[in-house]
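Hi,

Here's the structure I said I'd pass on. My notes follow below it.

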Amino acid sequence: MKIYTPDREWPPEYRAVIEELRKITDPVTGGDILDSGVVAGLEVSDETLKVWLRFESHAEYNIIGESAIAYSKIIGDIMERFALVKFNNVYIYDLGNHIVGIFENKKGYRIEDISPERA
């Protein structure tokens, strides 16, 4: 994992992902998830994207509290932007290294397989 810092020199494949992450809004602050400090780290390869978010997941937070709802929206937005569209595998982790979001394209679907009505 590469720790996210805005002033870091990023390889091209990371820069493309960072530009897309910048388009995702943090519902709590109204800013993007990078400037809000939500993204802790990244790992980018040809087929796989891994994103670490700056929170810890606990069952009780998933039942109550606004933060859980905000993080659920962020996880969904990351999946929508990257899963199958740009990467065959997308994993989202919390700071405890627990998977909080996962997409694995085990059947080899392509973006063209999705109907235009659903895309």
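Let's start with Asn89: its side chain makes a polar contact with the side chain of Thr48, at 3.4 Å. By polar contact I mean a pair of N or O atoms within 3.5 Å; within protein, one must be able to donate a hydrogen and the other to accept it, and residues adjacent in sequence count only if both atoms are side-chain atoms.

Before you go further: this is a predicted model, so local features need pLDDT of at least 70 and side-chain atom pairs pLDDT 80 or more, while totals for chains, interfaces and linings use all residues. Numbering runs from 1 along each chain as its sequence is written, and side-chain values use heavy atoms, with hydrogens and water left out.

Asn89 sits in strand E4, residues 89-93 (strands are DSSP runs of at least two residues, helices, H or I, of at least four, numbered from the N terminus). Asn89 counts as buried because its relative accessibility is 18% (buried is under 20% relative accessible area, exposed over 50%, partly exposed in between, with a 1.4 Å probe and protein chains only).

Next, Asp94, in the loop between E4 and strand E5 (99-104). Asp94 is buried, at 0% relative accessibility. Its side chain reaches two backbone nitrogens: that of Gly96 at 2.9 Å and that of His98 at 2.8 Å.

Cheers
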